[in-house]
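Please open the model in your viewer and keep the sequence panel beside it.

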Amino acid sequence: MGNTRITRAIKKLDWIMIGAIIFLLTIGLLSIASTSQARTGAFIILKKQFIFAVIGLILLFLFSFIDYRFLRNYSAVVLALYIVSIISLVFLFVFGSRIRGAVSWFRFGSSSSSIGFEPIEITKFALIALLAKYFSNRHIDFGLIRHILISGFYVLVPTFLVLLQPDLGSAFLIIFIWVGIMLVSGIRVRHLLALFLIFAILFGVGWFFLLEDYQRGRILTFFEPQRDPLGQGYNVLQSIIAIGSGGFWGKGLGHGSQSQLNFLPEQHTDFIFATIAEEWGFLGISLVLILWSIIFWRLFTTAINATTNFARLFIFGFMILLLAHISVNIGMNMGFFPVTGIPLPLLSYGGSNLIVTLAGVGILLNISKQ
């Protein structure tokens, strides 16, 4: 009986989405293998990413068998997760490591084999669960402005802490999740316009008092990369060159001139999209986009058929997060957005984002089974 129940549960998993995810992970690992040899002469980065992927897949299958309704039914669990994530962001200012100008990471181990943990990834997940819980319980009187203000307070706390790091990209993603979930919930147009006005005011304040000089430089260079081709605009220009040089078929794995000769910086993280475009060509990029389209199609279908408001909002919140990550990362690779250090999910090197993303997908798989 037990084996039969497990077999049925396994068969009910969305294996189409799981297959697309594993395919993307494989592409990411192959691209990281190529760039890690160019950067270090060894495959240390690849080994770490492979371990992260295995841990993430284990969590994916584990959470797919745990009833997601514990998040919906037990408010204390969601609130505790949110509080822990906030405390982690505060502790960064005491125990965190400064990397590329931002204090966003906890580092563990020696410099050669250290492992980093970025608490903002847990914060994003906690916010999605918290906002889905909050709005699902108030869908009837959602139009009341106090619900927008209360939910905005939940978002303001981590946004402020992230801006102090400073990490402009993650702050943008947090606000994007909040606005996206409110749109799905049914925010009134006049309230949305009021939010845009508030954001405009906050951006003006942040520009003069919160952003560092290098962050302002990135934004200005976004509008005109040629203004500083050897400085702030270098990364974007090299990325555009790498994408254009890949052609239709690509130059082949390990044969990209921009990535292999280190003209393209951060080939395995921020600019892995450009690396794939150069070595895999338009064909490879099309494959990546098709795989992501399959994942979004399966998630959208699950959200439409969800039987509870919490499940629907949670799925859409996760989709909004993934879409923001993908859009911003590809956009900054192509010069459409400023360089903000946002990874490309399932492809970029990094354990925090990969593990949390796969664990979150596990919860979505459980929702699809119910």
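What follows is a walk through a predicted model, from the overall fold to a helix, a glycine and several charged pairs.

**The whole chain**

Begin with the protein chain in cartoon view, where 15 helices and 3 strands can be found. Of its 370 residues, 51% are buried, and the chain exposes about 17,200 Å², of which carbon and sulfur atoms supply 70%. Among the contacts with a separation of 6 or more, 71% are between residues 24 or more positions apart.

Next, colour the chain by pLDDT, which has a mean of 82, with 82% of the residues reaching 70 or more. Then select residues 225-231, where the pLDDT is below 50, although this stretch has 11 contacts in the model beyond near neighbours in sequence. Where pLDDT is low, the predicted coordinates should not be read in detail.

**Helix H3**

Now select residues 44-64, which form helix H3, a run of 21 residues that reaches 30 Å from its first C-alpha to its last, close to the 30 Å expected at 1.5 Å a residue. Show the side chains of Ile45, Lys48, Gln49, Phe52, Ala53, Gly56, Leu60 and Ser64, which are the buried residues of H3. If you turn the view to look down the axis of H3, these buried residues fall within an arc of 140°, so they line one face of the helix. An α-helix has 3.6 residues a turn, so residues three or four places apart point the same way.

**Glycine 362**

Which residues does glycine 362 contact, leaving aside its neighbours within four places in sequence? They are Leu60, Phe63 and Ser64, and of these, Leu60 and Ser64 are among the buried residues of H3. Glycine 362 is itself buried, with a relative accessible area of 0%. A C-alpha to C-alpha distance drawn from glycine 362 to phenylalanine 65 comes to 8.1 Å, although the two are 297 residues apart in sequence.

**The salt bridges**

A search of the whole structure finds 4 salt bridges, and the tour visits some of them. Select aspartate 14 and arginine 298, whose closest N and O atoms are 2.9 Å apart. This pair links distant parts of the chain, with aspartate 14 in the loop between helix H1 (2-11) and helix H2 (15-40), and arginine 298 in helix H13 (residues 272-304), 284 residues apart. Aspartate 14 counts as buried because its relative accessibility is 8%, whereas arginine 298, at 21%, counts as partly exposed.

Go next to lysine 251 and glutamate 278, which form a salt bridge with their closest N and O atoms 3.7 Å apart. Lysine 251 lies in the loop between helix H11 (234-245) and helix H12 (257-260), and glutamate 278 is in helix H13, so the pair ties together parts that are 27 residues apart in sequence.

Finish at arginine 69 and aspartate 67, a salt bridge with its closest N and O atoms 2.8 Å apart. Arginine 69 is partly exposed at 30% relative accessibility, and aspartate 67 is partly exposed at 31%.

How values were computed. Residues numbered from 1 in each chain as written. Predicted model: local features only at pLDDT ≥ 70, side-chain atom pairs only at ≥ 80, totals over all residues. Heavy atoms only, no water. Salt bridge = Lys/Arg side-chain N within 4 Å of Asp/Glu carboxyl O. Helix = DSSP H or I, 4+ residues; strand = E, 2+ residues; numbered from the N terminus. Buried < 20%, exposed > 50% of the residue type's maximum accessible area, 1.4 Å probe, protein only. Expected span 1.5 Å × (residues − 1). Arc of directions from axis to C-beta. Contact = heavy atoms within 4.5 Å. pLDDT = per-residue confidence, 0-100. Areas by Shrake-Rupley, 256 points an atom, 1.4 Å probe, with all protein chains shown as cover.
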